Amino acid sequence: MQLAQSPRDAIDGFANSKGRSTRHLLLGVGLTAGAVLASALIARANAPTAENPAIKRQYDQLEKPPITPPGGAFSVIWPPLFMALTISGLRVWNAPPSPARTQALTLWGMVQALNAVWMAIGPRHLGGQLATSIASLGTSAAYAWRARAVDGPAAGMVAPYVGWLGFANLLTEELWRRNRGGETIH
(Lines give C-alpha, C1' and ligand atoms only; values in the text may rest on other atoms or scores of the structure.)
Protein backbone atom coordinates (compact mmCIF):
# COMPACT_ATOMS: atom_id res chain seq x y z
CA MET A 1 0.00 0.00 0.00
CA GLN A 2 1.40 3.39 -1.05
CA LEU A 3 1.14 6.30 1.37
CA ALA A 4 -0.22 9.62 0.21
CA GLN A 5 2.38 12.11 -0.89
CA SER A 6 3.03 15.02 1.47
CA PRO A 7 2.25 18.53 0.16
CA ARG A 8 5.97 19.40 0.16
CA ASP A 9 6.80 16.23 -1.82
CA ALA A 10 4.12 17.16 -4.36
CA ILE A 11 5.49 20.70 -4.64
CA ASP A 12 9.06 19.39 -4.94
CA GLY A 13 8.04 17.09 -7.77
CA PHE A 14 6.14 19.84 -9.59
CA ALA A 15 8.75 22.57 -9.07
CA ASN A 16 11.93 20.45 -9.21
CA SER A 17 12.75 21.79 -5.73
CA LYS A 18 13.79 18.68 -3.78
CA GLY A 19 16.56 19.67 -1.39
CA ARG A 20 15.86 23.40 -1.79
CA SER A 21 14.76 25.54 1.11
CA THR A 22 11.25 26.97 1.26
CA ARG A 23 12.84 30.43 1.03
CA HIS A 24 14.65 29.49 -2.21
CA LEU A 25 11.45 28.03 -3.63
CA LEU A 26 9.38 31.11 -2.74
CA LEU A 27 12.03 33.45 -4.14
CA GLY A 28 11.93 31.46 -7.39
CA VAL A 29 8.14 31.62 -7.51
CA GLY A 30 8.29 35.38 -6.95
CA LEU A 31 10.94 35.97 -9.60
CA THR A 32 9.47 33.77 -12.29
CA ALA A 33 5.83 34.71 -11.72
CA GLY A 34 6.79 38.38 -11.39
CA ALA A 35 8.69 38.42 -14.69
CA VAL A 36 5.93 36.66 -16.59
CA LEU A 37 3.28 38.84 -14.93
CA ALA A 38 5.18 41.97 -15.99
CA SER A 39 5.25 40.69 -19.60
CA ALA A 40 1.56 39.82 -19.42
CA LEU A 41 0.65 43.26 -18.05
CA ILE A 42 2.64 44.99 -20.79
CA ALA A 43 0.88 42.77 -23.32
CA ARG A 44 -2.51 43.65 -21.87
CA ALA A 45 -1.71 47.37 -21.85
CA ASN A 46 -0.75 47.20 -25.53
CA ALA A 47 -3.35 44.73 -26.79
CA PRO A 48 -5.75 45.80 -29.54
CA THR A 49 -8.86 45.63 -27.36
CA ALA A 50 -11.77 47.90 -26.47
CA GLU A 51 -9.77 49.03 -23.41
CA ASN A 52 -7.08 50.32 -25.79
CA PRO A 53 -9.07 52.05 -28.57
CA ALA A 54 -6.06 53.77 -30.19
CA ILE A 55 -4.12 50.51 -30.45
CA LYS A 56 -7.25 48.71 -31.65
CA ARG A 57 -7.73 51.31 -34.41
CA GLN A 58 -4.10 50.88 -35.50
CA TYR A 59 -4.48 47.12 -35.58
CA ASP A 60 -7.85 47.28 -37.36
CA GLN A 61 -6.30 49.43 -40.11
CA LEU A 62 -3.71 46.77 -40.96
CA GLU A 63 -4.23 44.48 -43.93
CA LYS A 64 -4.27 41.08 -42.24
CA PRO A 65 -3.32 37.79 -43.85
CA PRO A 66 -5.81 34.92 -43.99
CA ILE A 67 -3.78 33.02 -41.35
CA THR A 68 -4.68 35.61 -38.71
CA PRO A 69 -6.44 33.89 -35.80
CA PRO A 70 -9.67 35.41 -34.50
CA GLY A 71 -9.08 38.09 -31.86
CA GLY A 72 -10.34 35.95 -28.99
CA ALA A 73 -7.81 33.20 -29.76
CA PHE A 74 -4.96 35.18 -28.26
CA SER A 75 -6.65 35.51 -24.88
CA VAL A 76 -7.08 31.72 -24.82
CA ILE A 77 -3.61 30.81 -26.10
CA TRP A 78 -1.29 33.18 -24.22
CA PRO A 79 -2.23 32.40 -20.58
CA PRO A 80 -1.33 28.69 -20.66
CA LEU A 81 1.84 29.46 -22.62
CA PHE A 82 2.87 32.07 -20.04
CA MET A 83 2.04 29.60 -17.24
CA ALA A 84 4.20 26.90 -18.83
CA LEU A 85 7.02 29.43 -19.27
CA THR A 86 6.72 30.38 -15.58
CA ILE A 87 6.83 26.79 -14.37
CA SER A 88 9.69 26.00 -16.71
CA GLY A 89 11.72 28.92 -15.34
CA LEU A 90 10.93 27.86 -11.78
CA ARG A 91 12.09 24.30 -12.45
CA VAL A 92 15.37 25.59 -13.88
CA TRP A 93 15.74 28.00 -10.94
CA ASN A 94 15.41 25.08 -8.54
CA ALA A 95 17.92 22.85 -10.37
CA PRO A 96 21.38 22.41 -8.84
CA PRO A 97 23.78 25.26 -9.61
CA SER A 98 25.74 24.74 -12.83
CA PRO A 99 26.95 26.75 -15.83
CA ALA A 100 24.06 25.30 -17.88
CA ARG A 101 21.56 26.47 -15.24
CA THR A 102 23.05 29.98 -15.26
CA GLN A 103 22.91 30.07 -19.06
CA ALA A 104 19.32 28.80 -19.10
CA LEU A 105 18.21 31.34 -16.50
CA THR A 106 19.91 34.15 -18.43
CA LEU A 107 18.14 33.09 -21.61
CA TRP A 108 14.84 32.75 -19.72
CA GLY A 109 15.22 36.34 -18.51
CA MET A 110 15.99 37.49 -22.04
CA VAL A 111 12.83 35.74 -23.26
CA GLN A 112 10.82 37.72 -20.70
CA ALA A 113 12.45 41.01 -21.73
CA LEU A 114 11.86 40.32 -25.42
CA ASN A 115 8.21 39.43 -24.68
CA ALA A 116 7.76 42.79 -23.00
CA VAL A 117 9.45 44.68 -25.85
CA TRP A 118 7.50 42.79 -28.53
CA MET A 119 4.20 43.53 -26.85
CA ALA A 120 5.08 47.16 -26.10
CA ILE A 121 6.06 47.94 -29.70
CA GLY A 122 2.54 47.36 -30.96
CA PRO A 123 1.12 47.42 -34.47
CA ARG A 124 2.42 50.90 -35.42
CA HIS A 125 6.00 49.64 -35.63
CA LEU A 126 5.72 46.32 -37.43
CA GLY A 127 9.38 46.35 -38.50
CA GLY A 128 10.52 46.62 -34.88
CA GLN A 129 7.95 44.06 -33.84
CA LEU A 130 9.23 41.66 -36.53
CA ALA A 131 12.86 42.11 -35.45
CA THR A 132 11.91 41.53 -31.82
CA SER A 133 9.79 38.49 -32.63
CA ILE A 134 12.67 36.92 -34.58
CA ALA A 135 15.02 37.56 -31.65
CA SER A 136 12.41 36.16 -29.27
CA LEU A 137 12.03 32.96 -31.27
CA GLY A 138 15.79 32.40 -31.39
CA THR A 139 16.22 33.16 -27.71
CA SER A 140 13.31 30.91 -26.74
CA ALA A 141 14.74 28.04 -28.78
CA ALA A 142 18.16 28.60 -27.17
CA TYR A 143 16.48 28.62 -23.75
CA ALA A 144 14.75 25.31 -24.48
CA TRP A 145 18.07 23.84 -25.60
CA ARG A 146 19.92 24.99 -22.45
CA ALA A 147 17.00 24.08 -20.17
CA ARG A 148 17.13 20.54 -21.57
CA ALA A 149 20.65 20.17 -20.14
CA VAL A 150 19.32 21.24 -16.72
CA ASP A 151 15.80 19.78 -16.48
CA GLY A 152 14.16 17.86 -19.31
CA PRO A 153 10.56 18.58 -18.22
CA ALA A 154 11.33 22.34 -18.09
CA ALA A 155 12.49 22.21 -21.70
CA GLY A 156 9.43 20.21 -22.72
CA MET A 157 7.13 22.80 -21.15
CA VAL A 158 8.58 25.47 -23.42
CA ALA A 159 8.13 23.53 -26.68
CA PRO A 160 4.53 24.75 -27.27
CA TYR A 161 5.66 28.32 -26.58
CA VAL A 162 8.47 28.04 -29.13
CA GLY A 163 6.02 26.57 -31.64
CA TRP A 164 3.57 29.41 -31.07
CA LEU A 165 6.37 31.95 -31.51
CA GLY A 166 7.21 30.33 -34.83
CA PHE A 167 3.63 30.91 -35.94
CA ALA A 168 3.65 34.43 -34.47
CA ASN A 169 6.81 35.20 -36.46
CA LEU A 170 5.13 34.03 -39.64
CA LEU A 171 2.08 36.16 -38.87
CA THR A 172 4.17 39.23 -37.93
CA GLU A 173 6.28 38.90 -41.08
CA GLU A 174 3.15 38.67 -43.19
CA LEU A 175 1.62 41.70 -41.45
CA TRP A 176 4.84 43.64 -42.03
CA ARG A 177 5.02 42.55 -45.69
CA ARG A 178 1.41 43.53 -46.39
CA ASN A 179 1.62 46.87 -44.56
CA ARG A 180 5.20 48.08 -45.04
CA GLY A 181 4.27 50.69 -47.63
CA GLY A 182 1.84 52.44 -45.31
CA GLU A 183 2.51 54.91 -42.57
CA THR A 184 2.29 52.16 -39.95
CA ILE A 185 6.04 51.48 -40.26
CA HIS A 186 8.45 53.96 -38.63
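Author: **Helix α4 and its surroundings**

The axes of helix α1 (residues 7-15) and α4 come within 8 Å and cross at roughly 100°; here axes are lines fitted to C-alpha atoms, for helices over the stretch in contact, and angles run from 0 to 180 degrees between N-to-C directions. Helices (H or I, at least four residues) are DSSP runs, numbered from the N terminus. This is a predicted model, in which local features need pLDDT of at least 70 and side-chain atom pairs count only at pLDDT 80 or more, while totals for chains, interfaces and linings use all residues. Residues are numbered from 1 along each chain as its sequence is written, and side-chain values use heavy atoms, with hydrogens and water left out.

Helices α1 and α4 are therefore roughly perpendicular to each other (65 to 115 degrees; under 35 is roughly parallel, over 145 roughly antiparallel, and the rest oblique). On the α1 side, Gly-13, Phe-14 and Ala-15 meet Ile-87, Leu-90, Arg-91 and Asn-94 of α4, contact meaning heavy atoms within 4.5 Å. By class, this contact divides into four nonpolar, two polar and one charged residues; Ala, Val, Leu, Ile, Met, Phe, Trp, Tyr, Cys and Pro count as nonpolar, Asp, Glu, Lys and Arg as charged, and the others, Gly among them, as polar.

Helix α4 (residues 71-94) also packs with helix α7 (residues 152-179), at an angle of about 140° and with the axes 8 Å apart. The two helices, α4 and α7, are therefore oblique to each other. Among the α4 residues that meet α7 are Phe-74, Trp-78, Leu-81 and Ser-88, and the α7 residues in this contact include Pro-153, Met-157, Tyr-161 and Trp-164. The contact of α4 with α7 comprises 18 nonpolar, one polar and one charged residues.

Ser-88 lies in helix α4 and is buried, with a relative accessible area of 0% (buried means under 20%, exposed over 50%, partly exposed in between, with a 1.4 Å probe and protein chains only). Beyond its neighbours within four places in sequence, Ser-88 is in contact with Tyr-143, Ala-154, Ala-155, Met-157 and Val-158.

Trp-93 is likewise found in α4, and at 17% relative accessibility Trp-93 counts as buried. Leaving aside neighbours within four places in sequence, the contacts of Trp-93 are Arg-20, His-24, Leu-27, Gly-28, Leu-31, Arg-101 and Leu-105. A polar atom of the Trp-93 side chain lies 3.0 Å from the backbone oxygen of His-24.

Definitions and conventions: Polar contact = N/O pair within 3.5 Å; in protein donor to acceptor, adjacent residues only side chain to side chain.
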